[in-house]
Amino acid sequence: MEEINNIEVVPCTESDYLKPFRAHYNQNGTKKSWDFMRTHDSVSVLIFNSTSHCFVLVKQFRPAVYMCEWERTKKQPPQSAEKTEEGAAEAAAPESQEGQSASEGESSSEWPPASAGITYELCAGLVDKPDLSLEEIARQEVLEECGYDVPADKLKRITSYRSGVGITGAKQTMFYAEVSDDNCVSAGGGEPREGELIEVVKIPLHEAMTFAYDERIPKTMGVIFSFIWFHNNMSPKYKISTNV
């Protein structure tokens with residue numbers, strides 16, 4: 001998963017997933033404009049394995065996260081601490097190289113490690129099958145990504161919310177799926193034909209909240225929110241602690 005090479009960034013002129021637009025409008029007598037992207041709504045699923053008392057997450061490489069980390073490290077100011085003459089010489093890179101874009105081709109040593117783009121997430125997927133209900137789409141994602149066969153009517157709807165409101169405003173609907181080892185029919189891992197490469201990760205229940213608030217572990221807000229939801233709504237049922 002972390003063997004990333006031959007990186008090239010080019011303009012995106014056509015996409016099946018993102019459509020950029022610019023909206024012009026008047027608000028309280030003031031003329032305004034706003035750039036946004038139209039994209040698919042999505043579903044996400046908090047999976048809890050009642051056999052092993054653990055949450056089932058997915059771990060994958062996200063190019064957008066990786067490129068944001070690359071941009072962030074490029075903009076970091078030079079270190080002001082005392083340097084050796086050798087270190088100072090290495091820091092004094094020509095200005096022409098500092099201004100290079102990714103598409104102009106940095107050397108591999110200038111890219112951050114692939115781990116900079118790895119994130120922990122809830123099982124999730126796009127709402128791009130109009131003939132299926134949200135529950136049926138969520139069921140398919142749980143089966144493909146995590147290997148659990150869960151009937152659609154066993155999925156509990158938690159809530160829905162808007163994500164990326166400044167850029168996309170897409171709606172995500174979150175579900176809860178309680179599974180056991182008996183529901184596991186495959187290793188999961190996603191759909192290779194769709195370019196997915198997913199690692200299934202299990203988080204023990206007693207470590208969940210520590211995991212959620214550890215800023216060193218890159219994760220989505222959905223993970224944090226869903227763990228809190230479980231603690232408030234499901235932990236009393238099991239009379240077990242999520243280590244809060």
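Ser-180 is buried in this predicted model, with a relative accessible area of 17%. That value is under the 20% cut-off, so Ser-180 counts as buried. The residue sits in the loop that runs between strand S8 (170-179) and strand S9 (199-204).

**Surroundings of Ser-180**
- Beyond its neighbours within four places in sequence, Ser-180 is in contact with Asn-49, Ser-50, Thr-51 and Tyr-148.

**Nonpolar cores**
- In soluble globular proteins, nonpolar side chains tend to be buried together.
- The largest nonpolar core has 22 residues. Leu-46, Phe-55, Leu-57, Tyr-176, Phe-227 and Phe-230 are the members that touch the most others.
- At least two residues of this core come from each of strand S3 (42-49), strand S4 (54-61), S8, S9, helix H5 (208-213) and helix H6 (221-233).
- H6 gives the largest share, five residues.

**Cysteines**
- The structure has zero disulfides.
- Cys-184 is in no disulfide, and the nearest cysteine sulfur, that of Cys-146, lies 9.4 Å away.
- Cys-184 is partly exposed, at 38% relative accessibility.
- Cys-12 has a relative accessible area of 58%. This is over the 50% cut-off, so Cys-12 counts as exposed.

Definitions and conventions
Residues numbered from 1 in each chain as written. Predicted model: local features only at pLDDT ≥ 70, side-chain atom pairs only at ≥ 80, totals over all residues. Heavy atoms only, no water. Helix = DSSP H or I, 4+ residues; strand = E, 2+ residues; numbered from the N terminus. Buried < 20%, exposed > 50% of the residue type's maximum accessible area, 1.4 Å probe, protein only. Contact = heavy atoms within 4.5 Å. Disulfide = S-S within 2.5 Å. Core = buried A, V, L, I, M, F, W, Y, C linked by side-chain atoms within 4.5 Å.
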